[in-house]
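Hi,

Here is the structure I promised to pass on. Have a look, and then read on for my notes on it.

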Amino acid sequence: MKVNKLVVKSEQDLRNCLDLLYQEAKKGKHFYGMLELLQNDVVILEAIRNIKSNKGSKMAGIDQKIVDDYLLMPTEKVFGMIKAKLNDYKPIPVRRCNKPKGNAKSSKRKGNSPNEEGETRSLGISAVTDRIIQEMLRIVLEPIFEAQFYPHSYGFRPYRSTEHALAWMLKIINGSKLYWVVKGDIESYFDHINHKKLLNIMWNMGVRDKRVLCIVKKMLKAGQVIQGKFYPTARGIPQGGIISPLLANVYLNSFDWMVGQEYEYHPNNANYREKKNALAALRNKAII
């Protein structure tokens, strides 16, 4: 599908365009000419509005600029600046800082030292212009990937929450009468994502505009600044980045489908009216 042929002149046009991308991705289509959509004024304006409403809009990158600095500029100048940066994209390194985790207060009440491992989370703060470009990418790429994500993956996804995940677990428990839960955690997941593999996954999921993939690659290789010293990034995505949650889900998508097909949609369930009947038959055969 040639995305650059889509006409977007208003917010409604953009909504219709994103809906179309979602529908075509469901059919397994590939997408070309995506950079032209990214450079559309409506997409840029939508990205700036979203960044402005974000609670981290007042946090500055290493260039010490915040969103308000750009809101005071003429709209045409900001649009021109973003388009020019996209055409020759050179991201500013990410400012790395540590923020307390959600359990920091409870740990302090227990008398633990605030410097103990697990008390803080390392976040990457991008420059505002890079955040705007990341949000533009998220706006355009999200419907393509959402159409292909595992339906019962709930983290970092629009219109989904922990409550939805708990409700689905309760439904599974009531239907299967099984009460064992397997809990797992990938240690430092964001920090160990392989860039080349991530880009290959994006290509296989239909993003075939090499210009867009090149922008994402440069974004991943931007490097980071910790206490005034620059460090290159050979792998990983910055936790706290606008597009990072989406890319993290893209990287884990095949694993989600594998687990679902192995346990939730197991082929041995197909010949039985209810899941519990399939499980009973497997027990009788001493398979489980």
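This is a predicted model: local features need pLDDT of at least 70, side-chain atom pairs count only at pLDDT 80 or more; totals for chains, interfaces and linings use all residues.

Residues are numbered from 1 along each chain as its sequence is written, and side-chain values use heavy atoms, leaving out hydrogens and water.

Let me start with helix 1 (residues 11-26) and helix 3 (residues 41-53), which pack at about 95 degrees with their axes 10 Å apart. That makes the two roughly perpendicular (65 to 115 degrees). Glu11, Leu14 and Arg15 of helix 1 meet Val42, Val43, Glu46 and Arg49 of helix 3, in contact meaning heavy atoms within 4.5 Å. By class, that contact has 3 nonpolar, no polar and 4 charged residues.

The other pair is helix 7 (residues 128-146) and helix 10 (residues 210-220), whose axes come within 12 Å and cross at roughly 135 degrees. Ile133, Gln134 and Leu137 of helix 7 make the contact with Val212, Ile215, Val216 and Met219 of helix 10. Here the classes are 6 nonpolar, 1 polar and no charged.

Which residues does glutamine 134 touch, leaving aside its neighbours within four places in sequence? They are Ser126, Met219, Gly241, Ile242 and Ile243. Glutamine 134 is buried, with a relative accessible area of 4% (buried means under 20%, with a 1.4 Å probe and protein chains only).

Best wishes

Notes:
Axes are lines fitted to C-alpha atoms, for helices over the stretch in contact, and angles run from 0 to 180 degrees between N-to-C directions. Helices (H or I, at least four residues) and strands (E, at least two) are DSSP runs, numbered from the N terminus. Ala, Val, Leu, Ile, Met, Phe, Trp, Tyr, Cys and Pro count as nonpolar, Asp, Glu, Lys and Arg as charged, and the others, Gly among them, as polar. Angles under 35 degrees count as roughly parallel, over 145 as roughly antiparallel, 65 to 115 as roughly perpendicular and the rest as oblique. Buried means under 20% relative accessible area, exposed over 50%, partly exposed in between (1.4 Å probe, protein chains only).
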